[in-house]
Amino acid sequence: MINKYFTQRTSVRSFSSKNVPEEIIEAIVSAAAKAPTCGNMQLYTIIETRKTDLKEKLAEQHFNQPAAATAPVILTICADFNRFSQWCEISDAAPGYNNFHSFIVALTDAVIMAQQITTIAEMEGLGTCYLGTVNYNAENISKLLELPDLVVPVASLAIGYIEKESEPTERLPLNAILHKEAYRHDSEEEIKALFKEKEDFPANKEFVQINKKPNLAHVFTEIRYPKEMNEAVSSSFLELLKKKGFA
C-alpha cells in the first residue's frame, strides 16, 4: 500500500516560529543528495537562507506570499555548472557546458533534488511549500544570493514546522495523466470530463465567481497565468540565461 503521506500531502503556507535546527536541514539535504543525477555530476547548489534581514529581502522577491514570509528557512535550489566547470579547468580539462543543453541537464538535476528534499522533509514532520515565483524574479534572486556565472535559481522551498494545515486541493483523475503505451488523444468531451472535478472544486468555483469569469479556464488564461505575463517572464529568464553563460 502507498504510504498515506503521499495520498494526503498538501503544501503548507502557514509556518510556526519554531526554529528548525541546522542539523536537521543538513541531514535532509545530505540524504536528498542520494537522488538520481546526470552522470553523477550533481549539478545543483542549495542556498539556505535563515538570517531575518536576508530572508525578508528574499521573501519580497517571492511577492511576500505567506509561505515565504513565515517560513524559518528558505532553500533556493540552483542549476549549477559553475562548480563542475571549475573542477574541469583546474584538472586541465576543457569544459563545454556554457550552452542551453547543459542548463537543461543542470535544471533536471536541481528539480529532482528539490523534490527529494521536499519528500524527506515532509516525512520527517516538517511542512514545505514550493515558491513558484522563483522564475519571475530570478535575476533579482541571483543578485541577492550572489550567484556566479553558470548558476541559475530554478526552485525555492519554504520549510518549517506547521502552524496551520492547508486545505486539500483537487487533482486530475488518474486516467488524465497516465496514458498506456502511447499518448492518448482525447476528444473534446473527454477533455471536459477530465477537468470536471477541477471545475467543480469549491475553491475554484469561488475563483470564477470572484473574478467574474465565465469559467475556470478564463481564470487561468486571463488572471493567473495570462499570455502577456508568460511572455515577459520568458523574456527576462532567457536574458538571465544569456548573462549567466547558458545561452
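Leu 150 has a positive phi of about 65°, although it is not a glycine. Is Leu 150 buried or exposed? With a relative accessible area of 12%, Leu 150 is buried, where buried means under 20% relative accessible area, exposed over 50%, and partly exposed in between (1.4 Å probe, protein chains only).

A word on the source. This is a predicted model, in which local features need pLDDT of at least 70 and side-chain atom pairs count only at pLDDT 80 or more, while totals for chains, interfaces and linings use all residues. Residues are numbered from 1 along each chain as its sequence is written, and side-chain values use heavy atoms, with hydrogens and water left out.

A positive phi, of about 50°, also belongs to Gln 42, again not a glycine. Gln 42 sits in the loop between helix H2 (22-32) and strand E1 (44-49), and is partly exposed at a relative accessible area of 29%.

I turn to the chain as a whole. Its secondary structure comes to 13 helices and 4 strands. The radius of gyration is 20 Å, close to the 18 Å that the globule rule gives for 247 residues, so the chain is as compact as a globular protein of that length; the radius is taken over C-alpha atoms, and the rule is 2.2 Å times the number of residues to the power 0.38. Of the 247 residues, 37% count as buried.

Next, the salt bridges. The structure holds 12 of them, each being a side-chain nitrogen of Lys or Arg within 4 Å of a carboxyl oxygen of Asp or Glu. One of them joins the side chains of Glu 22 and Arg 50 (3.0 Å, N to O). Glu 22 lies in helix H2 and Arg 50 in the loop between E1 and helix H3 (52-61), so this pair ties together parts that are 28 residues apart in sequence. Glu 22 is partly exposed at 31%, and Arg 50 is partly exposed at 23%.

Another salt bridge connects Glu 170 and Lys 198 (2.7 Å, N to O). The pair links distant parts of the chain, with Glu 170 in the loop between E4 and helix H8 (174-177) and Lys 198 in helix H10 (residues 196-200), 28 residues apart. Both Glu 170 and Lys 198 are buried. Finally, salt bridges that share partners join Glu 22, Glu 48 and Arg 50 into one network.

Technical notes
Helices (H or I, at least four residues) and strands (E, at least two) are DSSP runs, numbered from the N terminus.
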